[in-house]
Amino acid sequence: MAVSDAVPLPQSQVVIFFIMRYFNVIGAIIVIASGYIGYTSEDSYLHGIRVSPFADLLLIVIGLVYLINTLIKWKQKESDDYFICVNCKEPILRTLSKNNICQTCGKKLEELKGFYERHKELKEG
Ligand SMILES: [Zn+2]
């Protein structure tokens, strides 16, 4: 799946992107599962302290909300997760960018979404 037809993505960033996606889902499932196990077991102890069924239910709810939130984000276009450097025209993963500054040239990063609509002159370069 291409982020944008105009922008080829560095392979390393694509890999990080997918790992982070699946970490979120796995984490959510673990939270839900532990809440479910705690809720359905007769005596639920965590570090020797009795965990109330309410806490287990809360875990399930938090896990579900997080999971749904992650799935909604998946539906958004991948280009929403990227910045691009106006100078280098290098796309960079949003979470990897520091202070919206390009690590290569130090120029400000812009949202990849709509970049080529705002900078028509850069489309063919
Ligand atoms: Zn740059």
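Which residues of strand β3 point one way, and which the other way? Keep that in mind as you go through these points; the model is a predicted one.

1. Start with β3, which covers residues 82–85. Tyr82 and Ile84 point one way, while Phe83 and Cys85 point the other way. All of these residues are buried. As background, side chains in a regular strand alternate between the two faces of the sheet.

2. Next, look at what β3 pairs with. Strand β4 (residues 91–93) runs antiparallel to β3, and three bridges link the pair. Here Tyr82 sits opposite Leu93 of β4. The β3–β4 hairpin has five residues between its strands, and Lys89 takes a positive phi near 60° in this hairpin.

3. β3 has another antiparallel partner in strand β5 (residues 109–111), again with three bridges. Phe83 has Glu111 of β5 as its bridge partner.

4. Now find helix α1, residues 11–40. Its 30 residues reach 43 Å from the first C-alpha to the last, close to the 44 Å expected at 1.5 Å a residue. Ala28, Gly35 and Gly38 are the buried residues of α1, and the buried residues of this helix pack against α2 (53–75).

5. One more residue of α1 to check is Ile16. Is Ile16 buried or partly exposed? Ile16 counts as partly exposed because 14 other C-beta atoms lie within 10 Å, whereas a buried residue needs 20 or more. Ile16 and Leu93 are 77 residues apart along the chain, yet their C-alpha atoms are separated by 8.8 Å. That is the Leu93 that stands opposite Tyr82.

Note on methods
Residues are numbered from 1 along each chain as its sequence is written. This is a predicted model: local features need pLDDT of at least 70, side-chain atom pairs count only at pLDDT 80 or more; totals for chains, interfaces and linings use all residues. Helices (H or I, at least four residues) and strands (E, at least two) are DSSP runs, numbered from the N terminus. The expected span of a helix is 1.5 Å times one less than its number of residues. A residue is buried if 20 or more other C-beta atoms lie within 10 Å of its own, exposed if 12 or fewer, and partly exposed in between; C-beta atoms are placed from the backbone. Two residues are in contact if their C-beta atoms, placed from the backbone, lie within 7 Å. Two strands pair if DSSP finds at least two bridges between them.
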